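Hi there,

Here is the structure I promised to pass on to you.

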Amino acid sequence: MTGQNMKDLYQSLPVWEDDRQPLSGRKRLAAMEGPLLGWYERRARILPWREEPTPYRVWVSEIMLQQTRVEAVKPYFRRFMEELPDIESLAAAPEERLLKLWEGLGYYNRVRNLQKAARILVEDFGGNLPEEYGQLLKLPGIGSYTAGAIASIAYGKPFPAVDGNVLRVLSRVLAIEEDIGSPSVKRRLEAELKEVMPQTGCSAYNQALIEVGALVCVPGGQPKCGECPLGSVCLAGKQGLWDRIPCKAPKKPRRIKQRTILLFVADGRVAIRKRPDTGLLASMYEFPGLEGNFGPEALSELLEQKWPGHIAEIRPACSAVHIFSHVEWHMTGYVIRLDTVPDGWLFASPRELSEKYPLPGAFNKYINLINGEL
Ligand code: ADE
């Protein structure tokens, strides 16, 4: 057996901890490496961005994966890479096309920032992502997690990538009872992880932590401690504290907004309009709407007053709820058939809705309804 093989074997053995002499936090974190890397080699999922981890692909995938499940991201990632295969094409893409490619993923500022950063990269970095962690951190939309992920996964540099999943894993390993939403806890864990992470193999190391968070030390429910490669070092696991750790400060309740959605139809098309270029869902398209929850009579009166002679029929349609991070839309819909179309309105066919105009996922139920209607 070679020296390297001996080292690998030794490192992959679980840590034996004497309860009378518990490991220090640093030693506990350092002890994760062997079991973590061994487990990742056997259990890592095959994912499109892992097949060819170029800096661009890692960057785009990590931005897509923020707040979004892996399975939901896969088709978006494939389509994005097909249409915008490099930083130059991303920088040059028309905003409407970009938003269409992101349609349904939500948090649309993510893709706007991707493009802002791509334009800086074309201007100042010859169309490449820099290798330097500090330079990555200065780009729009790139925080410590994404900078660490690009530096480690694409460039093999030993920087930690601590997202919500990794915070959950580390807070359990170390039995941290502070609020993991606190920036100081995250900064401290990043600093401690940087001290102990391997100098080579850091791509696998960071992705292994992410993978344990996704597959084993799962959010919202009982973690699969029996399958966990970190079982021998995890304090929360040993002490049965998984339902108390991580600790999170309660979130402010979301504001609830009532909206009335107006599906004006005429000649096989439906009316849409572009939203303002700032604020929620900036520059996306939407069905016209009114603030508040209108009953059929009140709505009929209002529409007849505003567009006398245009309205042929008003029919109540379905209700829908859409949850954003800070607000919930509670929507009531109406299909309104027009006899004649008022000047200056924009209408879209079902095909244009699906291929051209970016509409937020909030309207999915109404898009389906309209497709059946037209
Ligand atoms: N979530 C965030 N980053 C990820 C990655 N690189 N692979 C799988 N899930 C992730």
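This is a predicted model: local features need pLDDT of at least 70, side-chain atom pairs count only at pLDDT 80 or more; totals for chains, interfaces and linings use all residues.

Let's begin with the ligand. Its surroundings are made up of Leu-47, Trp-49, Arg-50, Glu-62, Leu-65, Val-70, Tyr-145, Gln-207 and Ile-210. By type, this shell holds six nonpolar residues, one polar and two charged. If you want to find the site by secondary structure, look for helix H4 (48–51), helix H5 (55–65) and helix H14 (202–215), each of which gives the shell at least two residues.

- Glu-62 places a polar side-chain atom 2.8 Å from a nitrogen atom of the ligand.
- For Tyr-145, the distance from a side-chain N or O atom to a ligand nitrogen is 3.0 Å.
- For Arg-50, a side-chain N or O atom is 3.1 Å from a nitrogen atom of the ligand.

How much of the ligand's accessible area does the protein cover? On its own the ligand has 260 Å², and the protein covers 95% of that.

Now for the domains. The chain splits into domain 1 (3–239) and domain 2 (255–373), and their C-alpha centres are 39 Å apart. Where they meet, 10 residues of domain 1 contact 16 residues of domain 2. About 910 Å² is buried between the two domains, with carbon and sulfur atoms giving 50% of it. On the domain 1 side, Glu-96, Lys-100 and Tyr-108 supply 52% of the area buried against domain 2, more than any other three residues.

Enjoy exploring!

Best wishes

Conventions. Residues are numbered from 1 along each chain as its sequence is written. Side-chain values use heavy atoms; hydrogens and water are left out. A residue is near a molecule or strand if one of its heavy atoms lies within 4 Å of it. A polar contact is a pair of N or O atoms within 3.5 Å; within protein, one must be able to donate a hydrogen and the other to accept it, and residues adjacent in sequence count only if both atoms are side-chain atoms. Accessible areas come from the Shrake-Rupley method with a 1.4 Å probe; for residues, only the protein chains shown count as cover. Helices (H or I, at least four residues) and strands (E, at least two) are DSSP runs, numbered from the N terminus. Ala, Val, Leu, Ile, Met, Phe, Trp, Tyr, Cys and Pro count as nonpolar, Asp, Glu, Lys and Arg as charged, and the others, Gly among them, as polar. Domain bounds come from an automatic or database domain assignment. Contact means heavy atoms within 4.5 Å. Buried area is the accessible area (1.4 Å probe) that two parts lose on being put together, summed over both.
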